[in-house]
Amino acid sequence: YLPTMKQLDSLWNKVVKLRAGLKSEYGGEGYLAAHHITGKSTLALRYALENGVCITTGQHHYVAHNTGRSAKFRAWALRQRGVTEEYLKMIKYNRVDKFATRLYLEGKIKEYEAGRNAVL
């Protein structure tokens, strides 16, 4: 089946959180949010795992999307993912294949869940 964007968003969110071990990568505790370094309106980056970090909902609202703090946070997020602005700009113009994206994200979920279960 061809997944909807909402279904892919849900998978992407789950992968970003699992990859972070279900903890904020920025530190602190609270409800978790998967944040897009470059906004999700850029479709080619919307499901790119290198474009996401796991943070708390408070960090999401009061740091990542705060006008006075967002530039510093963005620089941190790029370092955290090991990517550059140039890299994100380069992949920004790729086309999105929803079917392949779904398979990729589902595979990553299995990978991170298996690693998490091995630790427990």
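This is a predicted model: local features need pLDDT of at least 70, side-chain atom pairs count only at pLDDT 80 or more; totals for chains, interfaces and linings use all residues.
Trainee: Which residues of helix 4 are buried, and what covers them?

Mentor: The buried residues of helix 4 are Phe 73, Trp 76, Ala 77, Leu 78 and Arg 81. After the helix comes Gly 82, which has a positive phi, near 70°. As for the cover over those buried residues, it includes helix 1, strand 1, strand 2, helix 3 and helix 5.

Trainee: Is Ala 77 buried or exposed, and what is its relative accessible area?

Mentor: Ala 77 lies in helix 4, and, leaving out residues up to four places away in sequence, it touches Ile 37 and Val 53. Buried means under 20% relative accessible area. Ala 77 therefore counts as buried, since its relative accessible area is 0%.

Trainee: Which element gives the largest share of the largest nonpolar core?

Mentor: The largest nonpolar core has 14 residues, and those that touch the most other members are Ile 37, Val 53, Phe 73, Ala 77 and Leu 88. At least two residues of this core come from each of strand 2, helix 3, helix 4 and helix 5. The largest share is four residues, and the element that gives it is helix 4.

Trainee: Which residues is Phe 73 in contact with, leaving aside its neighbours within four places in sequence?

Mentor: Phe 73 is one of the buried residues of helix 4, and it is also among the core residues that touch the most other members. With its neighbours within four places in sequence left aside, its contacts are Tyr 26, His 35, Val 53, Ile 55, Val 63 and Ala 64.

Trainee: What is the relative accessible area of Thr 56?

Mentor: Thr 56 is found in strand 2, which covers residues 52-56. Beyond its neighbours within four places in sequence, this threonine is in contact with Ser 24, Gly 28, Glu 29, Gly 30, Tyr 31, Leu 32 and Ala 33. Thr 56 is buried because its relative accessible area falls under 20%, the value being 7%.

Trainee: Where does Leu 22 lie, and what is its phi near?

Mentor: Most residues other than glycine have a negative phi. Leu 22 lies in the loop between helix 1 and strand 1, and it is partly exposed, with a relative accessible area of 39%. Its phi is a positive value in a residue other than glycine, near 60°.

Trainee: How far apart are the end C-alpha atoms of helix 1?

Mentor: Among the buried residues of helix 1 are Leu 8, Trp 12 and Val 16, and the helix is followed by Gly 21, whose phi is positive, near 70°. Helix 1 has 15 residues, so at 1.5 Å a residue it should span 21 Å. The end C-alpha atoms agree with this, at a separation of 21 Å.

Trainee: What is the volume of the largest pocket?

Mentor: The largest pocket is lined by 13 residues, with Ala 44, Tyr 47, Ala 48, Val 96 and Thr 101 lying nearest its centre. Helix 2, helix 5 and helix 6 each give two or more residues to this lining, which divides into eight nonpolar, two polar and three charged residues. The volume of the largest pocket is about 210 Å³.

Definitions and conventions
Residues are numbered from 1 along each chain as its sequence is written. Side-chain values use heavy atoms; hydrogens and water are left out. On a 1 Å grid over the protein atoms alone, a cavity is a set of points where a 1.4 Å probe fits but cannot get out, and a pocket is an open set with protein on both sides within 12 Å along at least five of seven lines; lining residues have an atom within 4 Å of a point. Grid points are joined across faces, edges and corners, and a volume is the space filled by probe spheres set on the points. Ala, Val, Leu, Ile, Met, Phe, Trp, Tyr, Cys and Pro count as nonpolar, Asp, Glu, Lys and Arg as charged, and the others, Gly among them, as polar. Buried means under 20% relative accessible area, exposed over 50%, partly exposed in between (1.4 Å probe, protein chains only). Contact means heavy atoms within 4.5 Å. A nonpolar core is a set of buried Ala, Val, Leu, Ile, Met, Phe, Trp, Tyr and Cys residues joined through side-chain atoms within 4.5 Å. The expected span of a helix is 1.5 Å times one less than its number of residues.
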